[in-house]
Amino acid sequence: MEAKKIFNRRQSYRIDTEIDGYYSINGKKGIWKKCSVINFSREGTGILFFTHEAIAMGSTIHVKVEPSAKSKPIPIKGTLTWIRKEKNGFIGGIKW
């Protein structure tokens with residue numbers, strides 16, 4: 001994945017993952033779209049947004065992920081610090 005080139009320049013160690021979830025921009029209630037959390041670090045997370053609509057830098061992103069069928073959803077909230085277009089949507093990073 002070409003996105004790894006960007007992640008490898010970071011100072012914090014990143015743990016690669018692939019966890020499906022849903023995101024909402026700026027806490028818009030009831031509007032959740034599909035995403036995938038692609039890595040975690042101590043400062044934030046990388047996300048693949050399955051959308052063709054641009055997301056504004058600085059937006060507050062709310063993410064819900066369910067690591068397993070038996071677990072409760074884990075909420076994540078952060079600020080979008082970078083984003084770029086990919087063929088399946090957008091890839092970006094949020095900082096918490």
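I count a contact when heavy atoms lie within 4.5 Å.

**Entry 1. Ground rules**

The model is predicted, so I take local features only at pLDDT of at least 70 and side-chain atom pairs only at pLDDT 80 or more, while totals for chains, interfaces and linings use all residues. Residues are numbered from 1 along each chain as its sequence is written, and side-chain values use heavy atoms, with hydrogens and water left out.

**Entry 2. Leu48**

I looked up Leu48 and found it in strand E3. Helices (H or I, at least four residues) and strands (E, at least two) are DSSP runs numbered from the N terminus. Leaving out residues up to four places away in sequence, Leu48 touches Cys35, Ser36, Ile38, Phe90 and Ile91. I use buried for under 20% relative accessible area, exposed for over 50%, and partly exposed in between (1.4 Å probe, protein chains only). Leu48 is buried because its relative accessible area is 12%. I also noted Glu18, which is 30 residues from Leu48 in sequence, with 9.5 Å between the two C-alpha atoms.

**Entry 3. Overall layout**

I counted one helix and six strands in the protein. Along the sequence the pattern reads α-β-β-β-β-β-β. Of the 96 residues, 39% are buried. I then took the contacts between residues at least 6 apart in sequence; 51% of these join residues at least 24 apart. The protein exposes about 6,300 Å², and carbon and sulfur atoms supply 52% of that area. Accessible areas come from the Shrake-Rupley method with a 1.4 Å probe, and for residues only the protein chains shown count as cover.

**Entry 4. The barrel**

In what order do the strands close into a barrel? I traced E1-E2-E3-E6-E5-E4, six strands with antiparallel pairing. The twist from one strand to the next averages 45°. For that angle, axes are lines fitted to C-alpha atoms, for helices over the stretch in contact, and angles run from 0 to 180 degrees between N-to-C directions. Two strands pair if DSSP finds at least two bridges between them.

- E1 and E4 run antiparallel and are joined by five bridges; Ser24 has His62 in E4 as its bridge partner.
- E4 and E5 pair in the antiparallel sense over six bridges; Thr60 has Thr79 in E5 as its bridge partner.
- E5 (residues 74-86) and E6 (residues 89-95) pair in the antiparallel sense over seven bridges; Thr79 has Lys95 in E6 as its bridge partner.

I also looked at the two faces of E4. Ile61, Val63 and Val65 form the covered face, while Thr60, His62 and Lys64 form the uncovered one.

**Entry 5. Ser59**

Is Ser59 buried or exposed? I find Ser59 buried, because its relative accessibility is 7%. Ser59 belongs to the loop between strand E3 (44-49) and strand E4 (60-65). Not counting residues up to four places away in sequence, Ser59 touches Ile25, Asn26, Gly78, Thr79 and Leu80. Thr79 is also the bridge partner of Thr60 noted above.

**Entry 6. Aromatic pairs**

Rings of Phe, Tyr and Trp (its six-membered ring) pair if their centres lie within 6.5 Å; planes under 30 degrees apart count as stacked, over 60 as edge-to-face and the rest as tilted. By this rule I count two aromatic pairs.

Tyr23 and Phe49 make an edge-to-face pair, with 4.8 Å from centre to centre and 80° between the planes. The pair links distant parts of the chain, with Tyr23 in strand E1 (residues 15-25) and Phe49 in strand E3, 26 residues apart. Tyr23 counts as buried because its relative accessibility is 2%. Phe49 counts as buried too, at 0%.

Phe40 and Trp96 have ring centres 6.5 Å apart and planes at 35°, so the pair is tilted. This pair also links distant parts of the chain: Phe40 is in strand E2 (residues 33-40) and Trp96 in the segment after E6, 56 residues apart. Phe40 counts as partly exposed because its relative accessibility is 25%. Trp96 counts as partly exposed at 43%.

**Entry 7. Charges over rings**

A charge sits over a ring if NZ of Lys or CZ of Arg is within 6 Å of the ring centre and within 35 degrees of the ring normal. I noted Lys64 over the face of Trp32, 4.1 Å from the ring centre. Lys64 is on the uncovered face of E4. I also noted Lys85, whose charged end sits over the ring of Phe90 at 5.2 Å from its centre. Phe90 is among the residues that Leu48 touches.
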